[in-house]
Amino acid sequence: MTPPLALTALPQEQVATTPNPGGNALLDLVNKIGPPEWIPDWIVALHAVGAGVGILIGIVSLIAMYSVWMERKVSGHMQCRLGPMYAGGWHGWAQTIADGVKLLMKEDMIPTGADRVLFIIAPGIVLASIFGALVAFPISYDFYFARMDLGIFMILALGSTTTIGVIMAGWASNSKWSLYGAMREAAQVIAYEIPLGLALMAPLITLGTFSLLDASALQSDWFGMKWAIFTNPANLPAFVIFWIAALAETKRAPFDLPEAESELVAGFLTEYSGIRWSFFFMEEYAAMFLMSVIAAMFWFGGFESPATWALRSAGVEGGIFFGAVCFVTLVIKAFAGVFLMMWLRWTLPRVRIDQVMTMGYKYLTPLALLCVLIAAVSEAVKSLLF
Amino acid sequence: MVEQTQEYKPSIQPSEEGRVLPSGEREFFFDVSTSDLEVNMGPQHPATHGVMRVLLRTDGELVTGAQPHLGYLHRGAEKIGENVEWLQYLPYTDRYDYLAAMNNNLGYSLAVEALMPGLEIPRRATLIRTICAELNRIASHLIAFGTYGLDIGAFTPFFYAFREREWIQALFEKICGARLTYSYIRIGGVFNEAPPGWLKEVEHFCDVFEEKWKEYYDLLALNHIFVMRTKDIGVITPEMAYDFGLTGPMLRGSGIDFDLRRDMPYMDYTEIWEAGAYQIPLGSGEKGTLGDCWDRFDVRVKEMIESIKIVRYCLGVIEPGPVLGDVPKVIKVPPGEAYVGIENPRGELGHYSHSDGGKVAVRCRVRGPSFVNLAVLEDLMPGTLLADSVAIIGSTDIVVGETDR
Amino acid sequence: MVSTKEYFQNVWDALKTTAIGMRITGKYLMQKPITVQYPDERLPIPDRYRGIHYLEQEKCINCLACARACPIDCIEMDAIRHGKELEWVAFTLDYQKCMFCELCVYPCPKDCIHMGTEFALVTYDRSELNHDLLSFQGMGRGARIRMREAQAKKAAKEKAKAAAAAKKADTEKDADEPEAAGAGTGGDE
């Protein structure tokens with residue numbers, strides 16, 4: 001089988017920039033320390049996995065917490081308000097912690113007539129799917145939970161599992177509004193998976209890899225600014241399409257139809273309260289962050305910025321400091337994306353369900369296909385010229 | 001293998017004419033009969049603006065029937081009017097249409113004053129009344145604007161609208177001490193003289209508001225998503241508007257040029273109209289069909305700027321003088337009947353007062369514009385999507401306090 | 001179906017109006033908020049604010065004008081009259097009913113009931129909403145002293161009068177009854 005055109009156009013040695021492909025950084029770390037011989041390998045592996053899950057849960061909670069706080073501050077200031085100011089002192093930074101404690105303390109209510117089993121496992125599925133997807137999220141070049149050549153596939157596949165949980169929640173709630181929300185979610189997510197994937201094809205063709213780490217490493221030239229969005233004319237429109245589809249995937253306004261506060265009361269969340277409700281909430285913010293990470297990785301250079309370029313040219317590569325700079329760069333880029341999502345949310349009205357479908361199938365999908373075509377052609381031209 | 005002896009006929013037949021979608025496209029569908037879902041929208045629902053209940057029959061997202069149910073906020077306001085003195089009824093009028101209390105006070109006062117031929121209303125009182133009524137119209141339309149944005153899903157315009165409304169409320173607070181239920185315009189004039197510097201502040205508000213108004217228009221009214229959501233939805237044809245007896249922006253949104261301020265003038269509106277101070281904005285079908293939700297919304301937004309012009313005219317001609325006519329402490333109204341309709345932000349607010357010469361009214365009837373305008377919902381909603389039904393309820397701009405009274 | 005021109009017009013309109021909207025919201029993001037942090041910082045309340053009433057008890061003459069003007073009869077007042085001084089029993093205002101219409105303020109002949117700038121009506125119990133507007137029950141110390149002085153004066157006057165009448169009666173033998181004591185000058189104080 002011949003590799004695709006774009007991949008042949010790339011120098012192959014450039015792709016394998018990081019050592020030990022396919023490994024787990026934690027497991028490597030444990031093996032480096034050298035556990036005693038008598039401990040079976042699977043126990044070591046289990047511990048590494050456990051540590052990874054712990055770190056992941058910490059990261060997701062922190063991201064969700066500060067995204068919520070940020071959302072409240074951003075929306076507040078956009079609306080000439082202050083937002084939370086009291087809890088914790090400085091600009092209400094602890095507001096989300098206080099809210100979380102309150103949600104934990106709330107009575108665990110399951111409506112009469114609800115399908116109890118589905119009702120209880122639905123938030124779990126939603127949260128598990130986003131945890132699963134976040135496994136592919138690398139913390140730096142040297143530190144990752146799983147190095148996968150097909151990382152982006154894994155993220156898209158697991159990320160869309162959320163829908164199952166949402167439909168379960170809507171069905172199990174035994175409320176008509178919840179059912180509407182669930183049905184809307186199903187229609188919307190199926191419609192927008194297509195343009196989401198197609199729009200991602202443009203940078204994938206440009207970079208020639210499915211791996212997040214490799215994608216980042218390939219954008220390290222031009223003083224750390226050889227970002228995919230600058231290297232191919234199709235990538236900017238592809239980013240716009242991706243971003244719209246990502247908004248729809250994460251159920252953010254203007255595509256918050258499954259929740260649609262003014263239409264469906266709270267959509268599939270109507271009957272949820274307390275900690276179960278907060279699971280859905282955490283999923284939303286984690287998904288926002290994940291989509292922003294994808295955008296940062298494949299369009300905006302990932303770990304690469306003039307800062308990392310400067311460190312690399314100064315000979316500092318690898319090690320904790322370099323890793324930290326990489327991580328901070330990525331998080332800044334991702335939070336810029338989260339901010340853009342918030343900005344759009346607090347500006348735009350909601351789209352109607354038939355318009356959502358029209359937009360997905362009639363506008364975004366053909367335009368995304370066009371982007372893929374342009375990206376492929378321009379890569380071919382580039383490979384011929386240079 | 002069974003041989004097919006006759007032509008295969010599916011049990012589900014495509015319907016021949018199909019159905020026409022809101023966008024004008026014709027969609028053919030298989031006529032599968034599934035049971036309709038009955039959904040209670042309200043009494044506690046974010047889109048019903050209070051405690052109204054709409055019983056929806058839905059086929060998936062498609063609304064096939066809608067039945068508004070009223071009465072959750074009924075307080076017997078008309079009956080109270082027959083039991084309290086003329087002036088004592090004034091605070092109750094605040095509470096029908098709590099977003100436009102000044103206009104309610106004005107309508108009631110005019111209806112009582114119509115029965116008192118000897119009563120002279122000082123010119124300054126009339127002008128202050130006009131300023132207050134128009135400012136209140138702006139405040140009310142700001143709510144309509146903001147909550148319509150909320151219905152469509154845009155949150156931020158709501159806060160911008162409230163910011164300006166807060167300013168108007170602060171102005172009212174200075175002149176009468178209350179922020180929502182003013183009880184300021186009374187029989188014979190107004191309660192208080194405007195505090196020093198108040199008129200200057202109103203002028204300053206007018207200047208700032210004209211700037212902000214453009215932002216509203218750009219942010220919400222011209223937004224593509226908003227236009228797509230509201231055009232061709234809930235079309236009220238002019239004939240339909242006549243048939244249902246609609247008034248106010250609902251009527252003008254259908255392109256019918258009728259405004260009580262000009263066509264059944266009260267107070268000094270004739271003078272202001274003849275001075276050419278304001279126009280009457282009409283629905284034009286600019287974005288879609290004439291009389292759709294966008295037209296009604298557009299009329300409301302444009303009326304705000306016309307109200308600013310009226311306020312400016314009044315500020316130009318106002319002179320010092322008394323603000324209260326010669327009214328006794330306990331008002332006794334000569335026997336008779338009077339009906340006065342005024343242009344409330346929502347339409348014609350009619351007050352019918354019937355006196356037998358005593359201290360208490362014999363009958364105190366109110367024609368609430370929201371109540372009459374609400375009747376059209378039942379005809380508008382079938383055939384729309386669920387999200388459109390919310391947009392239609394929002395575009396009627398009802399205040400449940402007034403529909404139920 | 002939409003034509004090709006409309007198709008791209010739609011795409012362009014959507015992007016353009018979104019950008020316009022984002023410019024407006026972005027502008028306000030950079031500006032200072034207009035709200036204040038409430039309990040720490042409060043906006044000034046205008047003089048005419050119609051809040052919880054206060055009563056100038058010394059001026060009040062228990063004429064019931066405000067109670068009569070009230071549309072929902074939420075004012076109740078009662079006092080015992082000792083000549084010019086009033087011994088207050090009750091002046092209550094039921095804030096469960098009161099709708100802050102200010103109609104009680106205008107008819108007051110002595111201008112003694114006002115609406116203040118306090119507005120917080122938070123209580124643990126509904127009965128606490130029945131406010132007592134009197135700052136002191138019964139009569140104040142000053143009023144008592146004034147009343148005692150007035151009574152002493154009156155008694156002295158009557159004594160003098162009685163003495164004079166007795167003198168007169170002595171001379172004419174046709175005395176009038178001394179004037180009746182002032183109405184309501186009570187014995188309990």
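1. A polar contact is a pair of N or O atoms within 3.5 Å; within protein, one atom must be able to donate a hydrogen and the other to accept it, and residues adjacent in sequence count only if both atoms are side-chain atoms. By this rule, seven residue pairs (both at pLDDT 80 or more) are in polar contact across the interface of chain C and chain A.

2. The model is predicted: local features need pLDDT of at least 70, side-chain atom pairs count only at pLDDT 80 or more, and totals for chains, interfaces and linings use all residues. Residues are numbered from 1 along each chain as its sequence is written, chains are lettered from A and ligands numbered from 1 in the order in which they are written, and side-chain values use heavy atoms, with hydrogens and water left out.

3. Chain C gives 18 residues and chain A gives 20 residues to their contact (heavy atoms within 4.5 Å). The two bury about 1700 Å² between them, 72% of it on carbon and sulfur atoms; buried area is the accessible area (1.4 Å probe) that two parts lose on being put together, summed over both. Of the area that chain C buries against chain A, 34% is supplied by Tyr7(C), Met22(C) and Leu29(C), more than by any other three residues.

4. Zero salt bridges are found between chain C and chain A (a side-chain nitrogen of Lys or Arg within 4 Å of a carboxyl oxygen of Asp or Glu).

5. Between chain B and chain A, the contact takes 35 residues from chain B and 25 residues from chain A. About 2700 Å² is buried there, with 61% of it on carbon and sulfur atoms. In chain B, the residues that lose the most area to chain A are Glu61(B), Phe155(B) and Ile225(B), together 20% of what that side buries.

6. Three salt bridges cross the interface of chain B and chain A. Eleven residue pairs (both at pLDDT 80 or more) are in polar contact between chain B and chain A.

7. Asn136(B) is buried, with a relative accessible area of 0% (buried means under 20%, 1.4 Å probe, protein chains only). Its side chain reaches the backbone nitrogen of Met102(B) at 2.8 Å.

Note on methods:
Buried < 20%, exposed > 50% of the residue type's maximum accessible area, 1.4 Å probe, protein only.
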